[in-house]
Amino acid sequence: MRRALATIVLLAVAFTVIVPAVGHQASSAGTSTTWTIMMYMAANSTPELPWRQNLNQMEAASQDPGTSIIALVDPSGGGDTTLYKIAHDPSGLDSIIVSPTVDDGGAVIPLATRNSNMASPDTLDSFVQFAASTYPADK
């Protein structure tokens, strides 16, 4: 029951972090980026939240070419906070994460520790600012 509730809360928070980003960017395919979706996944809990399954579900879904999905993930343990740019997995739902990691240059994840404090509003603010400026979109 706790795991199901935690997953529901995680998804609810994830969908409320869809924020308008500034600007308009052309992708390599010549299409504009309409949406930047930001996923804030604080999975550092006991038991650990199912962040791998959540990422794999996002990868398995069809993605509009005008959408950038950026996920900040902090699994259990230290020194493992990671930024992903979600990529479509043509194999569908599986256990392999195919999305590339994003180097933020220390803007969100401290270079010295590689561990972000996901409970800090400063971390959330840094993530939103980084994602909005690195992946600008209409929405």
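Q: Two strands pair if DSSP finds at least two bridges between them. In what order do the strands form the sheet here?
A: Strands of a sheet pair through backbone hydrogen bonds, either parallel or antiparallel. In this predicted model, three strands form an open sheet, ordered β1-β2-β3, with mixed pairing. Helices (H or I, at least four residues) and strands (E, at least two) are DSSP runs, numbered from the N terminus. β1 and β3 (82-85) are the edge strands; each has a single partner strand, so one side of each lacks a neighbour in the sheet. From one strand to the next, the twist averages 15°.

Q: How many bridges join strand β2 to β3?
A: Four bridges join β2 (residues 67-74) to β3, and the two run antiparallel. Within β3, Thr-82 is the residue opposite Val-73.

Q: What conventions apply to the numbers?
A: Residues are numbered from 1 along each chain as its sequence is written, and side-chain values use heavy atoms, without hydrogens and water. As the model is predicted, local features need pLDDT of at least 70 and side-chain atom pairs count only at pLDDT 80 or more, while totals for chains, interfaces and linings use all residues.

Q: What pattern does the chain follow along the sequence?
A: The chain has three helices and three strands. Its pattern reads α-β-α-β-β-α.

Q: Which strands does helix α2 lie across?
A: Contact means heavy atoms within 4.5 Å. Axes are lines fitted to C-alpha atoms, for helices over the stretch in contact; angles run from 0 to 180 degrees between N-to-C directions. Helix α2 (residues 51-60) lies across β1, β2 and β3, at about 165° to β1. α3 also packs on the sheet and touches β1, β2 and β3, with its direction at about 155° to that of β1.

Q: How many aromatic pairs does a search of the whole structure find?
A: A pair of aromatic rings is described by the distance of the centres and the angle of the planes. Rings of Phe, Tyr and Trp (its six-membered ring) pair if their centres lie within 6.5 Å; planes under 30 degrees apart are stacked, over 60 edge-to-face, and the rest tilted. The whole structure holds one such pair. Tyr-40 and Phe-127 form it, tilted, at 6.0 Å centre to centre with 40° between the planes. The pair links distant parts of the chain: Tyr-40 sits in strand β1 (residues 35-42) and Phe-127 in helix α3 (residues 121-134), 87 residues apart.

Q: Is Met-38 buried or exposed?
A: Buried means under 20% relative accessible area, exposed over 50%, partly exposed in between (1.4 Å probe, protein chains only). Met-38 lies in strand β1 and is buried, at 0% relative accessible area. Tyr-40 and Phe-127 are both buried. Buried residues make up 39% of the 139 residues in the chain.

Q: Where is the place of Asp-103?
A: Asp-103 is in the loop between β3 and α3. Its relative accessibility is 66%, so Asp-103 counts as exposed. Tyr-84 is 19 residues from Asp-103 in sequence and 9.0 Å away in space, C-alpha to C-alpha.

Q: What is the mean pLDDT of the chain?
A: pLDDT is the predictor's confidence in each residue, from 0 to 100. The mean for the chain is 82, with 78% of residues at 70 or more. Residues 4-29 fall below 50, and beyond near neighbours in sequence this stretch has 40 contacts in the model. Where pLDDT is low, the predicted coordinates should not be read in detail.
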